[in-house]
Amino acid sequence: MSPGKQASENEAAAPMAAGVRLEAMRRRVRLSRLVVWTVIAAGPVALCVAVASTPTTVEAATAARPTAVRTTAQTADPAGFAQLFVGAWLRSSADDATTAQARLAQSLAPDVDLPDPAADAQSKPESVTAVRSAQREGGTWSVTMAAQYADGSVQYYAVPVAADRAGTSFTVTGAPGVVVGPARAEVPKTSYGVTVAEGDLSSAVGEFLAAYLTGAGEVGRYLAPGVKLSAVSPAPYTALSVQQVLAVEEAAAGQVPADGTKVRVVAQVEARDGAGRWPLAYELVLKARSGRWEVAALESGTAQDGGAR
């Protein structure tokens, strides 16, 4: 092939090769765009497919267990109700059912007749007190009442009372009946068997009770650390003397023992005021500290703020 012809063929092939390359580039661009749009279009579809194909897992919410509330059936004792009725009943008369006492008795016991005392009958009771309550079947009670008269005599009555389930409503269901009063119980042997002679412990007891009942000195100086107790106010007595001190523990009988030793005692005291003298008794707990006795608790009655700590 002549050089001239070869050169013309090369010149003609150059634009053709360039066109082929350009067309290839265009195809790649179109292919790239197609891939991009395919991915974009496939995204939501793939998501839907994934959601549809994924097994749905439902976790059952743990059921909240109801808090168990224990309710104890507590039926109120109708002793006060029966006391109110008997007091009004004994002070009323069938001859005059319009008095305040008669109307009160009839409102508490609509089906019970009023008494009809004679003109010279025993005077009205000075006080009426409930002394015993016994619960029976079906929400009924039997309440024993003691009526005390001015001459010192006491008459006992048994009163039947019905109560509702809630123990908030009562009705006297029958007339009172005269009964024998409660027998006197046998007194158990006391645990206070150690006699405490005059000395540090009896002096501590006497000084504390004098401050507590007569205002002679500050109560706080006789108390163990952490114990809070206020004196009776106003002071009910003007003087106080210790008659006897008995203890449970032998440690109370001798010298002040080691720090922290506790003893329980009962003190028999005599208090005086303008109206006379009064025999009283107090149970105490004392604790030894630094060679002296201090009051750790007053067990007769309720100590303020809990007594011993």
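A residue counts as buried when its relative accessible area is under 20%. With that in hand, welcome to a set of close-up views of a predicted model.

**View 1. A buried alanine in a loop.** A224 has a relative accessible area of 4%, so this alanine is buried. Its place in the chain is the loop between α4 and β7 (239–247). Once neighbours within four places in sequence are set aside, A224 is in contact with E294, V295 and A296. Look also for A297: the C-alpha atoms of A224 and A297 are 8.6 Å apart in space, while the two residues are 73 residues apart in sequence.

**View 2. Five strands side by side.** In which order do the strands of the open sheet run? The order is β6-β7-β8-β9-β10, giving 5 strands with antiparallel pairing. At the edges are β6 and β10, each of which pairs on one side only. From one strand to the next, the twist averages 40 degrees.

**View 3. The largest nonpolar core.** As background, nonpolar side chains in soluble globular proteins tend to be buried together. In this model the largest nonpolar core has 35 residues, and L201, F208, V265 and L286 touch the most other members. Two or more residues each come from β6 (194–196), α4, β7, β8 (262–273), β9 and β10 (292–298). Which element gives the most to this core? That is α4, with 8 residues. For a closer look, follow F208: leaving out residues up to four places away in sequence, F208 touches V219, Y222, L223, L229, L284 and V295. Another core, of 26 residues, lies apart from the largest one and includes A109, A147, Y149 and F170.

View 4. How many aromatic pairs does a search of the whole structure find? There are 5 aromatic pairs. One of them is formed by F81 and F170, a tilted pair at 5.7 Å centre to centre with 45 degrees between the planes. F81 lies in helix α2 (residues 79–90) and F170 in strand β4 (residues 170–172), so this pair ties together parts of the chain that are 89 residues apart in sequence. F81 and F170 are both buried. In the pair of Y212 and Y282, the ring centres are 6.4 Å apart and the planes stand at 85 degrees, so the arrangement is edge-to-face. This pair, too, links distant parts of the chain: Y212 is in helix α4 (residues 200–214) and Y282 is in strand β9 (residues 276–289), 70 residues apart. Both Y212 and Y282 are buried. Elsewhere among the rings, F85, W89 and Y157 form one aromatic cluster.

View 5. Which residues of helix α3 (residues 100–108) are buried? They are A102, A105 and L108. These three cover an arc of only 135 degrees around the axis, so they sit on the same side of α3. The buried residues of α3 pack against α2 and β4. Turning to the other side of α3, you will find A100 and S107, which are exposed.

View 6. Most residues other than glycine have a negative phi, and most peptide bonds are trans. Is the peptide bond from S233 to P234 cis or trans? The bond is cis, with omega near -5 degrees. P234 belongs to the loop between α4 and β7, where A224 from the opening view also lies. The other detail is S290, which has a positive phi of about 55 degrees although it is not a glycine. S290 is found in the loop between β9 and β10. Its relative accessibility is 58%, so S290 counts as exposed, whereas A224 is buried at 4%.

Notes. Residues numbered from 1 in each chain as written. Predicted model: local features only at pLDDT ≥ 70, side-chain atom pairs only at ≥ 80, totals over all residues. Heavy atoms only, no water. Phe/Tyr/Trp six-rings, centres within 6.5 Å; stacked < 30°, edge-to-face > 60°. Helix = DSSP H or I, 4+ residues; strand = E, 2+ residues; numbered from the N terminus. Buried < 20%, exposed > 50% of the residue type's maximum accessible area, 1.4 Å probe, protein only. Contact = heavy atoms within 4.5 Å. Core = buried A, V, L, I, M, F, W, Y, C linked by side-chain atoms within 4.5 Å. Arc of directions from axis to C-beta. Pairing = 2+ DSSP bridges. Axes fitted to C-alpha atoms, helices over the stretch in contact; angles between N-to-C directions.
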